[in-house]
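User: I would like to go through this model term by term. Please set each value against its definition and then conclude.

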Amino acid sequence: MALSCQNISKTFGTQEVLSGVSFHLEDHEKAAVVGINGAGKSTLLKIIVGESSPNEGTVTVAKGKTVGYLAQNQDLDSDKTIYEEALTAKQPVILMEEEIRRMESKMAQVAPGELDAFMEKYNRLANQFELAGGYTYKSEVVGVLNGLGFSKEQFSKKQKELSGGQKTRVALGKLLVTAPDILLLDEPTNHLDMESIQWLENYLLNYKGAILLVSHDRYFLDRIVSRVLEVSMHKLQSYQGNYTQYAKKKAKEREEKLRAYYNRQREIKHDEEVIAKLKSFNREKSIKRAESREKMLQKKERLEKPKEEYTDIHISLTPCVKSGKDVLMVEGLAKAYDGVTLFENVDFSIYRGERVALIGNNGTGKTTILKILNEMARADAGQIVLGTNVKIGYYDQEHQVLHMEKTLFEEISDAYPSLTNTQIRNVLAAFLFTNDDVFKKIGDLSGGERGRVSLAKLMLSEANFLILDEPTNHLDITSKEILENALAHYEGTVFFVSHDRYFINKTATRILDLHERQVLNYIGNYDYYLEKKDVMRLAHQKQETEAPVEPQDAGASANREQWKQQKAKQAERRKLENELKKTEERIEWLEADIERLESEMAKPEVAVVSVKVMELHQSAQAEKEELDALYGRWEELSMELSE
């Protein structure tokens, strides 16, 4: 057993959060804590790491086990660069390396009589260094940062210059490099694009320690965990299996409890009717029978109706009119910012009744495409044609369609002045805003609450073409499932951007993949996309390289000249990329050979031969000098390519 929590209870003032929560985590086990927003998931993690104290209960960490914790928000504001901050996780190894280098520099000056003791100490330290991963720690740090979406050009960026999401990614990288025995992660996939999430999944699947994580990413949970701990109504219930298996068990459990409750209610009602009928006969025997049945009824166990939190939100999206078959046609769409092309020559169409997901890595321009469609940004080129009777409803992840100075009531009433006060309150109540909540200002709401207000406005819009930008951001799992159900029964058309792979899988009938400035079409859900993406991308690249298309208009000499210049730039880029590749290959070879030379020096039979040691040491120094020069050239080439 790695971790044990016994009878944990926590209150904030008069508000009960956790009550009698108990569970344990085995070595190498990977478990998830799920529940609605505010259920106490993050509070439980904070109690485990000692950032918060329980009112009752104990947390026990197995002797000798180390615990690492990733909070949702990070406050890294130092002058250290991304790379330097991540390296601090390897401080013990770095100190050993510095001591080894110091000893190597003094090796030639050691007196013959002290050489044996000196070399024994050196070999012992070198062995410890190797066991601690000393020869690979830098590549490990680089690999983790790359996996979390940081390019090598970003490694020198200082912490205080980073966004909140970037700081969280740095903290996650540092934690993974530290490799504690017990890993506690609070929403680790926040701020990661799909490729980084897939990298993190593979990393955690192979992680040797125990993992306890909080996440609303159900696809991520399905791949990682083998047990789900549900926090609901202040209690904790354990379920074996991943998220999908938990959801099925939970639904079956609720169904059985409801069936038992209604069966018991029918039995009670029947008994009461029989008793009333017997009494109505007003005979001695019938009255005795009625009294006997009353005693039996009093002994019968009363079952409470199963309760669940957050089940009274219902979204009904109804188009006002039916659109034509062709909803949207996009041809030759292009956009660049500050000389950097996001996408170009993008063509796609969307038809009535489709639910189309636009996916791609961060920074590829997905949100920009949605803003262009909604006339919140201008395209550099291209044509957009809406079909007949198309009415757009737009959901913005930044909630720019909301007015921060207005109250919730004013936001709805100003947008839909024909609604009565009662109708407005009913709509807001459907999204869990009741009583005085309706008079809160939009600016004072959390991200999740603003998302619910935006969805409420969208529900009232009666649009037949919904354009949604990250609609599941800040929603808990229950709310996501309610939204999925609403979209599944929606008779209009949906075009959305999302990183939530489970949501995409459940909702999308088609996927557009924005990759390398182009859009690739997949007729299916996310699982189909995963199955076909490598084949599709390879075919697209082959088509691009084998059939370059010169501008068709023979009279457009300016376009042709621009095309030739572009081809020349592409050739120059390929040349730089080839040199960069060779430089990286040489760097890898030198690093490996330096490691080999240092390992050779550490061998006991070699270490006692000072001449051999000096020869190996000089070879290693020469290669290190070449390596330093190559690092400089690598930086120059990287800069040229980025420019």
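Analyst: Two strands pair if DSSP finds at least two bridges between them. Strands are DSSP runs of E with at least two residues, helices are runs of H or I with at least four, and both are numbered from the N terminus. This is a predicted model: local features need pLDDT of at least 70, side-chain atom pairs count only at pLDDT 80 or more, and totals for chains, interfaces and linings use all residues. Residues are numbered from 1 along each chain as its sequence is written, and side-chain values use heavy atoms, with hydrogens and water left out.

User: What makes β8 and β9 a pair?

Analyst: Strand β8 (residues 227–232) and β9 share six bridges. The rule asks for at least two, so they pair. The sense is antiparallel. V231 stands opposite L236 in β9. The two strands form a hairpin with two residues between them. In that turn, M233 has a positive phi of about 55°.

User: Which strands make up the open sheet, and in what order?

Analyst: Six strands, ordered β5-β6-β7-β3-β8-β9, with mixed pairing. Its edges are β5 (67–70) and β9 (235–240). Why edges? Each pairs on one side only. Neighbouring strands of the sheet are turned by 15° against each other on average, direction ignored. Axes here are lines fitted to C-alpha atoms, for helices over the stretch in contact, and angles run from 0 to 180 degrees between N-to-C directions.

User: How many bridges join β6 to β7, and how do the two strands run?

Analyst: Five bridges link β6 (residues 182–186) and β7 (residues 210–214), and the strands run parallel. That passes the cut-off of two bridges, so they pair.

User: What does β1 pair with?

Analyst: Strand β1 (residues 3–12) is joined to β4 (residues 56–61) by five bridges, antiparallel. There, S9 has E56 as its bridge partner. β1 also pairs with β2 (residues 15–25) over seven bridges, again antiparallel. L3 stands opposite L25 in β2. β1 and β2 form a hairpin with two residues between them, and G13 in the turn has a positive phi of about 70°.

User: Why is Y122 called buried?

Analyst: Buried means under 20% relative accessible area, exposed means over 50%, and partly exposed is in between, using a 1.4 Å probe and protein chains only. Y122 has 2%, so it is buried. Its place is in helix α4 (residues 115–131). Contact means heavy atoms within 4.5 Å. Leaving aside neighbours within four places in sequence, Y122 is in contact with I100, M103, E104 and M107.

User: How do you know whether A39 is buried or exposed?

Analyst: A39 has 6% relative accessibility, so it counts as buried. This residue sits in the loop between β3 and α1. It touches V17, L18 and V231, not counting residues up to four places away in sequence. The C-alpha atoms of A39 and H234 are separated by 6.9 Å, although 195 residues lie along the chain from one to the other.

User: Which class does I287 fall into, and why?

Analyst: I287 has 30%, so it counts as partly exposed. I287 is found in helix α10 (residues 284–299). Leaving aside neighbours within four places in sequence, its contacts are L278 and N282.

User: Which residues of α5 are buried, and what do they pack against?

Analyst: In α5 (residues 137–147), the buried ones are Y137, V141, V142, V144, L145 and G147. They pack against α2 (82–87), α3 (91–106), α4, α6 (164–178) and α7 (194–205). Just after α5, G149 takes a positive phi of about 95°.

User: What are the totals for helices, strands and buried residues?

Analyst: The chain has 20 helices and 18 strands. Of its 643 residues, 46% count as buried. Of the contacts with a separation of 6 or more, 68% come from residues 24 or more positions apart. The C-alpha atoms fill a box of roughly 120 × 80 × 45 Å along the principal axes.
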